[in-house]
Amino acid sequence: FSCPYQQAIYLDAKKDQAVTTDGHRLHVAPTLGLPASILIPSTAAALILAAIKVADTAPVELSLFGKADDGKATTVRASVGGNSSGVSAVVWARRIDADFPPIDAVIPAAHATTAMISANTATEAAKLMLKWRNGSSCGAKLSLGEYGARLSLDHPENGEAAEAIEGEITGTAIDVGLNPEYLVDILARFKDTVMLELTDALSPVVIHDTNDKARFALLMPTEL
């Protein structure tokens with residue numbers, strides 16, 4: 001990772017959301033009642049999520065401590081509610097002293113094509129492309145048009161693999177290159193139907209959770 005924020009999760013109190021990115025993909029999830037904005041290591045966030053999974057119920061209380069020269073807190077404490085046995089967890093993390101880039105700058109302001117597709121079907125198609133590329137760096141091509149949605153991958157030795165994806169397409173027909181590994185990772189965070197918004201072959205693909213408008217992801221396109 002070349003930037004500190006690519007190893008972190010930004011807790012944005014102004015928008016009540018948590019954001020993380022590695023430069024190729026970006027995830028946004030809603031939060032509730034953050035005391036202030038702070039950038040914490042992704043390893044600390046992973047510990048918090050692990051504690052939530054262990055607990056029967058998972059209320060999480062965030063508290064900020066310390067004060068740096070810029071007036072911001074230096075440390076965050078996450079207290080995860082206990083389960084029926086009274087077990088609880090507390091995770092401490094030092095603030096990462098870096099600015100998180102404004103995500104509004106990378107979200108396309110308009111889109112030409114919308115696809116409502118099955119997250120499960122798309123995940124299975126992406127997994128097939130991942131196997132078909134057999135360790136190579138080949139990108140998968142997502143094609144949207146009147147015929148529906150189709151994911152394919154052209155391997156220099158194995159030839160082409162293609163899989164249809166259930167869904168409804170509106171707007172302009174479009175092809176975009178995607179990394180199938182990243183696509184599997186993103187779709188694993190959604191259930192049922194997801195909405196894809198595409199602008200052109202060079203712009204990020206926006207993937208929305210149809211059950212929660214505040215939860216979405218961006219996936220940068222790749223060369224084919």
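Which strands does helix H2 (residues 119-132) lie across? Helix H2 lies across S9, strand S10 (148-155) and S11, and runs at about 175 degrees to S11. Axes here are lines fitted to C-alpha atoms, for helices over the stretch in contact, and angles run from 0 to 180 degrees between N-to-C directions. This is a predicted model, in which local features need pLDDT of at least 70, side-chain atom pairs count only at pLDDT 80 or more, and totals for chains, interfaces and linings use all residues. Residues are numbered from 1 along each chain as its sequence is written, and side-chain values use heavy atoms, with hydrogens and water left out. Helices (H or I, at least four residues) and strands (E, at least two) are DSSP runs, numbered from the N terminus.

**The open sheet**

- An open sheet is formed by 4 strands in the order S11-S10-S9-S13, with antiparallel pairing; two strands pair if DSSP finds at least two bridges between them.
- Strand S11 (159-165) and strand S13 (174-178) stand at the edges with a single partner strand each, so one side of each has no neighbour in the sheet.
- From one strand to the next, the twist averages 20 degrees.
- Strand S9 (residues 140-145) pairs with S13 in the antiparallel sense over 5 bridges, and Ser143 has Asp175 in S13 as its bridge partner.

**Pairing around S14**

- Strand S14 (residues 193-198) pairs with strand S8 (residues 113-118) in the antiparallel sense over 6 bridges; Ile117 has Val194 in S14 as its bridge partner.
- S14 also pairs with strand S15 (residues 205-209), in the antiparallel sense and over 4 bridges; here the bridge partner of Leu196 is Ile207.
- S14 and S15 form a hairpin, with 6 residues between them.

**The largest pocket**

- The largest pocket holds about 1,100 Å³ of space.
- On a 1 Å grid over the protein atoms alone, a pocket is an open set of points with protein on both sides within 12 Å along at least five of seven lines, a cavity is a set where a 1.4 Å probe fits but cannot get out, and lining residues have an atom within 4 Å of a point.
- Grid points are joined across faces, edges and corners, and a volume is the space filled by probe spheres set on the points.
- Of the 37 lining residues, Ile9, Ala18, Ala29, Ala45 and Leu49 are the closest to the pocket's centre.
- H1 gives the most to this lining, with 7 residues.
- The lining comprises 22 nonpolar, 8 polar and 7 charged residues; Ala, Val, Leu, Ile, Met, Phe, Trp, Tyr, Cys and Pro count as nonpolar, Asp, Glu, Lys and Arg as charged, and the others, Gly among them, as polar.

**Cavities**

- The structure holds 2 cavities of 30 Å³ or more.
- The largest cavity has about 60 Å³ of space, and its lining residues include Ile117, Leu142 and Leu196.
- That lining has 9 nonpolar, no polar and no charged residues.
- The second largest cavity has a volume of about 30 Å³ and a lining of 7 nonpolar, no polar and no charged residues.
- Strand S6 (75-80) and strand S7 (89-94) each supply at least two residues of the lining of the second largest cavity.

**Val28**

- Val28 lies in strand S3 and is buried, with a relative accessible area of 2% (buried means under 20%, with a 1.4 Å probe and protein chains only).
- Beyond four places in sequence, the contacts of Val28 include Gln17, Ile103 and Phe216, contact meaning heavy atoms within 4.5 Å.
- The C-alpha atoms of Val28 and His208 are 9.8 Å apart, with 180 residues separating the two along the chain.

Conventions. Buried < 20%, exposed > 50% of the residue type's maximum accessible area, 1.4 Å probe, protein only.
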